Amino acid sequence: MEQTVMILVDTNILIEIYRSNKKIIDVIKEIGQENITVSDITCAELYFGARNKHELNSISKDLTKLTVIPINQEISETAVSLVKKFALSHKLSIPDALIAATAIIHGLPLFTLNKKDFSYLPDLQLT
C-alpha cells in the first residue's frame, strides 16, 4: 500500500489489529498512526464489541491516540441518501453508510477488508 496523507480506517481493520494480524499491523505502521482517522461509528462498534471492562478500557485508551471524526449534519444527510439508494439493492447497513459518508464528505480513502460492502458507492475511494 502506498503512503497516504490521511486515511479513514474501517472497524474491521482495528479488529484485525486486536487479533494481532501481522499483515494489517504492518500496513498500519506503514501508513503511520498520525495519518489514521476513524469515524464515531467505528468507536461505537468497537465499544459494543468489547467483552468486558478491561477490553472496553483498552479500546478507549487506544482510540484517544487516533483522530476521531464525529458525525455531523452533512455526514448524516449523506448517509441517509446512501441508505435510501442502496439498502434494498445492496443491503447497505446504517453503520457502513455512516462510515462511507464520513470518508466521502472528508475526501478520505477508506481502508477496509470488506471492499464488496462499499465498492458500489459513488465518490468513495477504497484502499
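**View 1. Ile7 sits in strand S1, which covers residues 7-9.** This is a predicted model, so read every close-up here as a prediction. With a relative accessible area of 0%, Ile7 is buried. What does Ile7 touch, once its neighbours within four places in sequence are left aside? The list runs to Ile31, Asn35, Ile36, Thr37, Leu108, Pro109, Phe111 and Thr127. Glu55 is another story: 48 residues from Ile7 along the chain, its C-alpha atom is separated from that of Ile7 by 25 Å.

**View 2. Here helix H1 meets helix H3, and their axes come within 9 Å.** H1 takes in residues 11-18 and H3 residues 40-49, and the two cross at roughly 45 degrees. That makes H1 and H3 oblique to each other. As for handedness, this crossing is right-handed. Which residues make the contact? From H1 come Thr11, Leu14, Ile15 and Tyr18, while H3 brings Thr42, Glu45 and Leu46. Sort the residues of this H1 and H3 contact by class and you get 4 nonpolar, 2 polar and 1 charged.

**View 3. Helix H1 also packs against helix H2, with the axes 8 Å apart.** H2 is made of residues 22-31, and the angle between H1 and H2 is about 115 degrees. Left-handed or right-handed? The crossing of H1 and H2 is left-handed. On the H1 side, look for Ile13, Glu16 and Ile17; on the H2 side, the contact is made by Ile24, Ile25 and Ile28. By class, this contact of H1 with H2 has 5 nonpolar residues and 1 charged residue, with no polar ones.

**View 4. Ser20 has a positive phi of about 65 degrees, although it is not a glycine.** Most residues other than glycine have a negative phi. To find Ser20, look in the loop between H1 and H2. Buried or exposed? Ser20 is exposed, with a relative accessible area of 55%.

**View 5. Lys91 has a positive phi too, near 60 degrees, and is a residue other than glycine.** Where is Lys91? Its place is the loop between H5 and H6. Lys91 has a relative accessible area of 67%, so it counts as exposed.

**View 6. This close-up shows the largest nonpolar core, a set of 21 residues.** Which of its members touch the most other members? They are Leu8, Leu82, Leu92, Leu110, Leu121 and Leu124. Helix H5 (73-90) and helix H6 (94-106) each supply at least two residues of this core. The largest share comes from H6, with 7 residues. Elsewhere there is a second, separate core of 16 residues, which includes Ile7, Cys43, Leu63 and Phe111.

**View 7. Leu124, one of the residues that touch the most other members of the largest nonpolar core, gets its own picture.** Leave aside its neighbours within four places in sequence, and what is Leu124 in contact with? Its partners are Ala100, Ala103, Ile104, Leu110 and Phe118.

Key: Residues are numbered from 1 along each chain as its sequence is written. This is a predicted model: local features need pLDDT of at least 70, side-chain atom pairs count only at pLDDT 80 or more; totals for chains, interfaces and linings use all residues. Side-chain values use heavy atoms; hydrogens and water are left out. Axes are lines fitted to C-alpha atoms, for helices over the stretch in contact, and angles run from 0 to 180 degrees between N-to-C directions. Helices (H or I, at least four residues) and strands (E, at least two) are DSSP runs, numbered from the N terminus. Angles under 35 degrees count as roughly parallel, over 145 as roughly antiparallel, 65 to 115 as roughly perpendicular and the rest as oblique. A crossing is left-handed if the near helix is turned anticlockwise from the far one by less than a right angle, and right-handed if clockwise. Contact means heavy atoms within 4.5 Å. Ala, Val, Leu, Ile, Met, Phe, Trp, Tyr, Cys and Pro count as nonpolar, Asp, Glu, Lys and Arg as charged, and the others, Gly among them, as polar. A nonpolar core is a set of buried Ala, Val, Leu, Ile, Met, Phe, Trp, Tyr and Cys residues joined through side-chain atoms within 4.5 Å. Buried means under 20% relative accessible area, exposed over 50%, partly exposed in between (1.4 Å probe, protein chains only).
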